[in-house]
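Dear colleague,

Please read the notes with the model open beside them.

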Amino acid sequence: KLKATRIEACSRLIAAHPSRDEDLAKLFDLRAAAHSDNDDPSAAADDLGVALRMRPPSAGALVNRGAVHFRGGDTEAALKDFNDATVLDPKNAAARLWRGRAYRKLQQFDNAQADLDAAVTLDPKDPNVWLVRGLLRDDQKRFADAIKDYDQSAVLAPDSVWPIYNRAWSKIQLNRHKEALADLDACHKLNPELADCFDLRGDALAALDDHKGAFAAYSQAIARDPQTARLYKSRAAAARKGGDFDGAIRDLTKAFELDTEMETLYDRGWLYSISGRPDNAIADYSLILRREGADNWPSALIERGLARIVRGDLKAAEDDFASARAVAPTSVRAALWRAALNIRLNRDSFWASWRRSGAAAALAQQRPKFKAEKYEAPFVQAILGERGVAEANRVAHIAAKKAEDPQDAACFADAMAGVLALAEGDAKGAETYFAKAAARAYPASYSCMIATAELNRIRNR
């Protein structure tokens, strides 16, 4: 109401003003500021345009209107004003700073670099020029250089949280997590209610495998910003890694209520599966497929197939893997798990199935695109006859150590070696591999659960 009153007051004064002079231009400036405060950048830019026409050309006035355009999302209009301001005054540091910001938003990083370097030279005592150049250097993955810029900004603006916050972010990218935590301590002192600082603290602690600490930090962030879905997803990851699958599911459910991203539903489906609720998992994956289609989500078909294995519906699982291979013919996971099902169902030999389907040939053609360091790669080579099962298992375990989830990757390596051993008729070797996977007793792994089922099947024959 106060903002609207300011706008109305300025409008009455403008209507009553007798002439088009500097005083009237100032009234348009005041009403523009009121419009900006009222989140109406279009009206603010219009008023600033009227004021501009009442005065001699001014770089500062152009920068002000350009900044309003920029904040309102009209980057092209902003860039025109910043260009005109720079022509009027090539040494105007504000024009260079704002144009650098606009170029950065457009991802024209070379142009942004030139303008921000010039802004630093023209006004090295402005903490914002160092801060924005630091952000650009983060975009360019020049994290060490970004830290130097944030250092300068922090010295010039010791009461500002943002140079320290962004410096902490850059340090996390360089795996300097403990240094980042020290910076975040300083952030909390400057602004104890800023959710972003607790969010970033959670990221740093999660990277240090302090999942309990990360959970607490994300909880603090949520207490200050309860409407941001990303925070619930981050806390869900911390809960999952801490073994609290129910808590993780609750957080993903809340995240999906706030922002209906299919990735959130996908993650919740996986948690339902590994916590022994395959029906819920199947429902989540099915919803993804209904909304966005199998062409966009072959991984949902694969995961639904795995959930159906856990449920015991092997025929439906095979249908999902077949559909996944149809839309993603080079998917290693779909092909390998479909092969496992062929063996499980005592149908069609593994090798005959692969040769007839052409999957092996398709994988061979895709070899240049396939990352050899991934833990699935040795099994592709085994399928193509380039490695033995034991060698594939050994190499996969080496690669598994670098996987996002090393325990799951290790389970996969042993379970898939068991599948290949069965395909070669080596029941004893298969039993050994399945026993290794089952012994890991890692609940967050389809491979471990399936290996356990296969081990029981072999031993109960």
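The crossing of α13 and α14 is left-handed, a term used when the near helix is turned anticlockwise from the far one by less than a right angle (clockwise would be right-handed). This is a predicted model, in which local features need pLDDT of at least 70 and side-chain atom pairs count only at pLDDT 80 or more, while totals for chains, interfaces and linings use all residues. Residues are numbered from 1 along each chain as its sequence is written, and side-chain values use heavy atoms, with hydrogens and water left out.

Helix α13 covers residues 211-224 and helix α14 residues 229-241, and their axes come within 9 Å and cross at roughly 160 degrees. α13 is therefore roughly antiparallel to α14, the term for angles over 145 degrees. Contact, meaning heavy atoms within 4.5 Å, is made by H211, A214, F215, Y218, S219, A221 and I222 of α13 and by L231, Y232, S234, R235, A238, A239 and K241 of α14. By class, this contact of α13 with α14 has nine nonpolar, three polar and two charged residues, where Ala, Val, Leu, Ile, Met, Phe, Trp, Tyr, Cys and Pro count as nonpolar, Asp, Glu, Lys and Arg as charged, and the others, Gly among them, as polar.

Helix α11 (residues 177-190) packs against helix α12 (residues 195-207) at an angle of about 160 degrees, with the axes 10 Å apart, and α11 and α12 are therefore roughly antiparallel to each other. Here α11 passes α12 in a left-handed crossing. The contact of α11 with α12 has nine nonpolar, two polar and two charged residues.

Best regards

Definitions and conventions. Axes fitted to C-alpha atoms, helices over the stretch in contact; angles between N-to-C directions. Helix = DSSP H or I, 4+ residues; strand = E, 2+ residues; numbered from the N terminus. Parallel < 35°, antiparallel > 145°, perpendicular 65-115°, else oblique.
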